[in-house]
Amino acid sequence: MAFDYKKEHKELYVPARKPSIVEVPAMNYLAVRGKGDPNAEAGAYKESISLLYAVAFTIKMSKKGDHRIDGYFDFVVPPLEGFWRQGEANGPIDYARKEDFSFISCIRLPDFVSPEDFAWAREEAARKKQIDLSKVELLAVEEGLCVQCMHIGPYDDEPATIERMNAFAAAGGYAPDFSERRQHHEIYLSDPRRCAPERLKTVIRHPVRAV
């Protein structure tokens, strides 16, 4: 049976609609950095997604090719994720100013994928698809203590969910703790091309510290 992070780590990928505090372990990601409105047609954000999946599925299919990656026999490619900020500032994002967004689009890598495996997969995918994948990098992230919540509905309605997260965290003795490495984080469990906006499922995660 294929290993699936959404099933094996439900506390991180399928949280409740009520906010909660969680300790997030260190993770490795495929990542692409960019700037601009994520809704822009042919924009940097949409390009980043295609680049990520090109490398992710090359790693997944390596079991059937000449390059063998030691680890699980098979795994489900984890959902798309994103770290967001307003320009170069650390802190909450303003949904009314999407043109100022900076992002890191990412897909989690299984722990058994080595830097050498990543380098091979990026080169192999670029060769097969005849595209430039130099923007795809290997990124290590350790978020640590966070408040998170499942948001259901359009992305533009996320501020209401974030308000509930902030109130919950403050009531529990936690304060926001944004930094260069700890940003507004979203995990996309629904495909917006195939899902009605009111049914979209998105995990929202913010860094916090105890006060």
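Visitor: In what sense do strand 3 and strand 8 pair, and over how many bridges?

Guide: Strand 3 and strand 8 pair in the antiparallel sense, over four bridges. Pairing needs at least two DSSP bridges between two strands. Strands here are DSSP runs of E, at least two residues, and helices are runs of H or I, at least four, numbered from the N terminus. This is a predicted model: local features need pLDDT of at least 70, side-chain atom pairs count only at pLDDT 80 or more, and totals for chains, interfaces and linings use all residues. Residues are numbered from 1 along each chain as its sequence is written, and side-chain values use heavy atoms, with hydrogens and water left out.

Visitor: Which residue stands opposite isoleucine 187 in strand 8?

Guide: Glutamate 81 does.

Visitor: What about strand 9, how many bridges join it to strand 8?

Guide: Four, and the two strands run antiparallel. The bridge partner of glutamate 186 in strand 9 is isoleucine 204.

Visitor: Why is strand 8 largely enclosed?

Guide: Five of its five residues are buried, so the rest of the structure largely encloses strand 8. Buried means under 20% relative accessible area, exposed over 50%, partly exposed in between, with a 1.4 Å probe and protein chains only.

Visitor: Which way do the residues of strand 8 point?

Guide: His184, Glu186 and Tyr188 point one way, His185 and Ile187 the other. In a regular strand, side chains alternate between the two faces of the sheet.

Visitor: Switching to helix 3. What does it reach from first C-alpha to last?

Guide: Helix 3 covers residues 44–60 and reaches 25 Å, close to the 24 Å expected. The expected span is 1.5 Å times one less than the number of residues.

Visitor: What covers its buried residues?

Guide: The cover includes strand 2, strand 3, strand 4, helix 4 and strand 8. Contact means heavy atoms within 4.5 Å.

Visitor: And aromatics, how many pairs in the whole structure?

Guide: The search finds 10. Rings of Phe, Tyr and Trp (its six-membered ring) pair if their centres lie within 6.5 Å; planes under 30 degrees apart are stacked, over 60 edge-to-face, the rest tilted. Phenylalanine 3 and tyrosine 5 are edge-to-face, 5.0 Å centre to centre, with 85 degrees between the planes. Tyrosine 45 and tryptophan 84 are tilted, at 5.2 Å and 45 degrees. That pair links helix 3 to strand 3, 39 residues apart.

Visitor: Is tryptophan 84 buried or exposed?

Guide: Tryptophan 84 is buried, at 4%. Ring pairs link Tyr45, Trp84, Phe101 and Phe103 into a cluster.
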